[in-house]
Amino acid sequence: MNRRRFEQLVAEALDGLPPQLQQRLANVEVVVEDWPTAEDLEDAGLGPNETLFGLYQGVPLTQRTSNYGLVLPDKITIFQGPIQLACLSADEIKRQVQVTVVHEIAHFFGISDERLKQLGWG
């Protein structure tokens, strides 16, 4: 799948969020990268041979205080290479992109990996 189509899938996943969540996505940038770097894996607490589909970097809404301001946007990165490698069809890629986008946005809202696993999204 080419980059443009993959980016469209990410945009569609974002557009598919409920409006009340979309309205709260302030000061966050969503980008697509080919593969995670060694630093990305480390940030996610993963080793060099582990798989990472997406990464949230920033200050979750639940941790922001009145001192939060004048900061760079939070960043959600969706990694095309690992998602494509793990999926056998375009439909599977689309579904995995949706799951990954929701998972990373959940981190933006302060939901931990442990809680996401309890909810069936981990």
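Colleague: Is E7 buried, exposed or something in between, and what is its relative accessible area?
Modeller: This is a predicted model, and in it E7 is partly exposed, with a relative accessible area of 37%.

Colleague: Which side chain does E7 meet in a salt bridge?
Modeller: The side chain of E7 meets that of R3, with an N to O distance of 3.9 Å, which falls within the 4 Å cut-off for a salt bridge. R3 is itself partly exposed, at 27% relative accessibility.

Colleague: Where do E7 and R3 sit relative to each other along the helix?
Modeller: Both belong to helix α1, which covers residues 3-15, and because they are four residues apart there, about one helical turn separates them.

Colleague: And what about R3 and D34, what is the N to O distance there?
Modeller: The side chains of R3 and D34 form a salt bridge at 2.3 Å, N to O. R3 lies in helix α1 whereas D34 lies in the loop between β1 (28-33) and α3 (38-43), so this pair ties together parts that are 31 residues apart in sequence. D34 counts as partly exposed, at 43% relative accessibility.

Colleague: Changing topic, how many salt bridges does the structure hold?
Modeller: There are three salt bridges, and one of them joins the side chains of R5 and E12 at 3.4 Å, N to O. R5 is partly exposed at 32% relative accessibility, and E12 is also partly exposed, with a relative accessible area of 36%.

Colleague: Which residues do shared partners join into one network?
Modeller: Salt bridges with shared partners link R3, E7 and D34 into one network.

Note on methods:
Residues are numbered from 1 along each chain as its sequence is written. This is a predicted model: local features need pLDDT of at least 70, side-chain atom pairs count only at pLDDT 80 or more; totals for chains, interfaces and linings use all residues. Side-chain values use heavy atoms; hydrogens and water are left out. Helices (H or I, at least four residues) and strands (E, at least two) are DSSP runs, numbered from the N terminus. Buried means under 20% relative accessible area, exposed over 50%, partly exposed in between (1.4 Å probe, protein chains only).
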